[in-house]
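Here is a short report for a first look.

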Amino acid sequence: MDMPQIKAGMEREQLEGFMAKARDASTLLKALSHETRLLILCILSQGEKTVGEIEAILGLQQAVVSQQLARLRLEQIVETRREGRLIYYRISDPSLTGLVSVLYDMFCGPKAAPLVLRDASADD
């Protein structure tokens, strides 16, 4: 993987560009940092679904699913299309489907290793 060379002495404009991209990535990761939203994105990575279909898959109430979809819409992670009385949700950017796929492979796939995250508050 080609990682950018962020180092002392680089041009200010280039560093500011990296900072802006880091902010964008941080905003996306905050939106993804909820297990229900991640599960919804896993479901939508397989194709568009209605709220009712997502409810049935997750076994959650409509209000919970709608609340999480509203957050994903606010962050422009999902988009909708209306067909009669039904509203279908889908992931707005194909690269987000790729990100969900990577997360699935890391945490759920057959080669997923248990990830042990250290609790930083334990250092206090």
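Is arginine 12 exposed or buried? Arginine 12 is exposed, at a relative accessible area of 57%. Exposed means over 50%, buried under 20%, and partly exposed in between, with a 1.4 Å probe and protein chains only.

## About the model

This is a predicted model, in which local features need pLDDT of at least 70 and side-chain atom pairs count only at pLDDT 80 or more, while totals for chains, interfaces and linings use all residues. Residues are numbered from 1 along each chain as its sequence is written, and side-chain values use heavy atoms, leaving out hydrogens and water.

The whole structure holds six salt bridges. The term means a side-chain nitrogen of Lys or Arg within 4 Å of a carboxyl oxygen of Asp or Glu.

One of them joins arginine 12 to glutamate 16. Their closest N and O atoms are 3.4 Å apart. Both sit in helix 1 (residues 12-32), four residues apart, so about one helical turn separates them. Helices here are DSSP runs of H or I with at least four residues, strands are E runs of at least two, and both are numbered from the N terminus. Glutamate 16 is partly exposed, with a relative accessible area of 43%.

## A bridge across the chain, and a network

Arginine 90 pairs with glutamate 48 in a salt bridge, with 3.7 Å between the closest N and O atoms. This pair links distant parts of the chain, 42 residues apart. Arginine 90 lies in strand 3 (residues 86-91). Glutamate 48 lies in the loop between helix 2 (35-44) and strand 1 (49-50). Both count as partly exposed: arginine 90 at 27%, glutamate 48 at 28%.

Glutamate 83 and arginine 81 form a salt bridge too, at 2.8 Å from N to O. Glutamate 83 is partly exposed at 44%, and arginine 81 is partly exposed at 30%. Through shared partners, salt bridges join Glu48, Glu79, Arg81, Glu83 and Arg90 into one network.

## Helix 3 against helix 4

Two packed helices are described by the angle and the distance between their axes. The axes of helix 3 (residues 51-58) and helix 4 (residues 62-74) come within 9 Å and cross at roughly 115°. Axes are lines fitted to C-alpha atoms over the stretch in contact, with angles from 0 to 180 degrees between N-to-C directions.

Helix 3 contributes Val51, Ile54 and Glu55 to the contact. Helix 4 contributes Gln62, Val65, Ser66 and Leu69. Contact means heavy atoms within 4.5 Å.
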